[in-house]
Amino acid sequence: MVTAKTVVDLKLEEKYGLFINGEFLEPTNGHIDAINAANGKVLSRIARGGKVEIDLAVKAANNAFKEWSNTPIEERSALLHKVADVLEANQERLKMIECMDTGRPIHEFDLDYKLAIYQFRYFASAILTFEGISRPIQNGHLIVKKEALGVCAQIIPWNVPMIMVSFKLAPALAAGNTVVLKPAEDASLSTIEFAKLLKDVLPKGVLNIVTGYGTEAGQALIDHPDIHKLAFTGSVGVGRLVGKTAGERLLPVTLELGGKAPHIVFPDVDIDRAVENATLGYTFFNGQSCVLGTRLFVHEDIYDEFVEKLIARAKEVKIGDPTDPSTRLSSLINEKQGKRVLGYFDIAREEGAKILYGGNRVTVPGNEHGYFIEPTIIEAESDMRIAQEEIFGPACTVTRWSDIDEVIEMANNVQYGLAAGIMTENLENALNTANKLEAGSVWINQYFNFQSGAPFGGFKDSGVGREYSKEALDHYTQSKTIVVAYQMPPAGFFK
Ligand code: NAP
Ligand code: MG
């Protein structure tokens, strides 16, 4: 296990090229500093890719497509297992790189990498049983086959880089597509280091990584005429732009956008356990995730005790240096996000919500650059902006409820629908409520309970399509129906 003390040298390169056609190319537009989110030090420099490099990457991906899509599934599956092996073998170093690049606590990355490694293994296996239809029909045979789409343009955010890389690459490559992936400018280092490790694993051109700014590399990628599929995770604003481009060009698209998940607490719960689960639910990923349970609805019978304990628990969350394994909350990704989060606390105060605990930036010695924000608990009405808009920081709202139909209505009265949580010992209540919630994933009694093969994706403005499951293979293939008749109809058949 890598710890702050053992990592003296991450062996990062001084600067990186763009991973195109199996080689690292020098960018034409120079480099961008890759910053340690907590202490502000320059970790390395990533290439500032643009139109020229996107064009090269898309060409390489198109050239590689025919052979890759015709590679037997057994071979593609074996290669994806090899990708998983490489990730597994190098995970401790990659975790630390990602921890420093993003500012998230090192402790969290065991989950990230478990999910990421698992993704490659899952799709390496799933592709082997991803079957079409083949059956005899009267006077012939019917075949429905699943064909790869071509070059997939994939754009990912900075919050959970390796989870995002695996969610995007594994199904796309398993299905026989080639990829041009643009990581987020704020957190590209683990992705580009991973590409280095895969240089001799995947055939040239199958995977291409173009780092750079969203408005340059990202925009050039979605605008490129020779791509065949768009996949995006990030903000609703850019998601709409990607969706619009897909609409205009009639390209298949999958979008994973924001979230503002309700987490409903029934009066029958063990309060200590519920508080623990709720705290994990709103603070994990440094509060920077679309799946967090940030809208807590607590039954009035236990509201006061629950909130009191929630505050006490928030006080215990250890804020500290991201590389310290005992840290549970650390630096947000950058100043812009830090100010945005603090700005939301101002909005909360202005609209009459009450900050019960937290709301402040704290200083962690040696990391004065970083935006470390206290776990923040805000008492709010469910229709206030603070309870409706994605904060993307370690904060939750708490709202009292008494009537089950009313709480379901409040929970659903939000633009998003990615995830939801329910805590109760009454399974009838739990399932009745789960059935009525407008969310792609509902976790009962254990938040973030990601399960093998379970589709992940959003209702409403949280997105289009599903990842993490076999359904993703449908989004990365198109069906071809071939109907064979053994004999042509007799002459005169049409008379
Ligand atoms: P964002 O702007 O949507 O960024 C996501 C990705 O899209 C990044 O790789 C970004 O590149 C790229 N991008 C930006 N503009 C683009 C364009 N015009 N064309 C193509 N690609 C483009 O998200 P953000 O600014 O990082 O975060 C803003 C908010 O989005 C957050 O506060 C949060 O609410 C939400 N968010 C959601 C998720 C999620 O998992 N659903 C993740 C992160 C953020 P660069 O960043 O390199 O410029
Ligand atoms: Mg960084």
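1. Start with W158: one of its polar side-chain atoms lies 2.5 Å from an oxygen atom of ligand 1. Keep in mind that this is a predicted model.

2. How much of ligand 1 does the protein bury? Taken alone, ligand 1 exposes 870 Å², and 89% of that is buried by the protein. As for where to look, ligand 1 sits in the largest pocket.

3. Now the neighbours. There are 27 residues around ligand 1, and W158, E185, S235, L257 and E390 come nearest. By type, the shell splits into 13 nonpolar, 9 polar and 5 charged residues.

4. Which helix gives the largest share of the shell? That's helix 7, with 3 residues. Helix 7 (214-223), strand 10 (229-233), helix 8 (236-249) and helix 11 (335-350) each supply at least two shell residues.

5. Last, zoom out to the domains. Domain 1 (6-257 + 462-480) and domain 2 (262-444) each give at least three residues to the shell around ligand 1.

Methods. Residues are numbered from 1 along each chain as its sequence is written. Chains are lettered from A and ligands numbered from 1 in the order in which they are written. This is a predicted model: local features need pLDDT of at least 70, side-chain atom pairs count only at pLDDT 80 or more; totals for chains, interfaces and linings use all residues. Side-chain values use heavy atoms; hydrogens and water are left out. A residue is near a molecule or strand if one of its heavy atoms lies within 4 Å of it. A polar contact is a pair of N or O atoms within 3.5 Å; within protein, one must be able to donate a hydrogen and the other to accept it, and residues adjacent in sequence count only if both atoms are side-chain atoms. Accessible areas come from the Shrake-Rupley method with a 1.4 Å probe; for residues, only the protein chains shown count as cover. On a 1 Å grid over the protein atoms alone, a cavity is a set of points where a 1.4 Å probe fits but cannot get out, and a pocket is an open set with protein on both sides within 12 Å along at least five of seven lines; lining residues have an atom within 4 Å of a point. A molecule sits in a cavity or pocket if more than half of its atoms lie within 2 Å of its grid points. Helices (H or I, at least four residues) and strands (E, at least two) are DSSP runs, numbered from the N terminus. Ala, Val, Leu, Ile, Met, Phe, Trp, Tyr, Cys and Pro count as nonpolar, Asp, Glu, Lys and Arg as charged, and the others, Gly among them, as polar. Domain bounds come from an automatic or database domain assignment.
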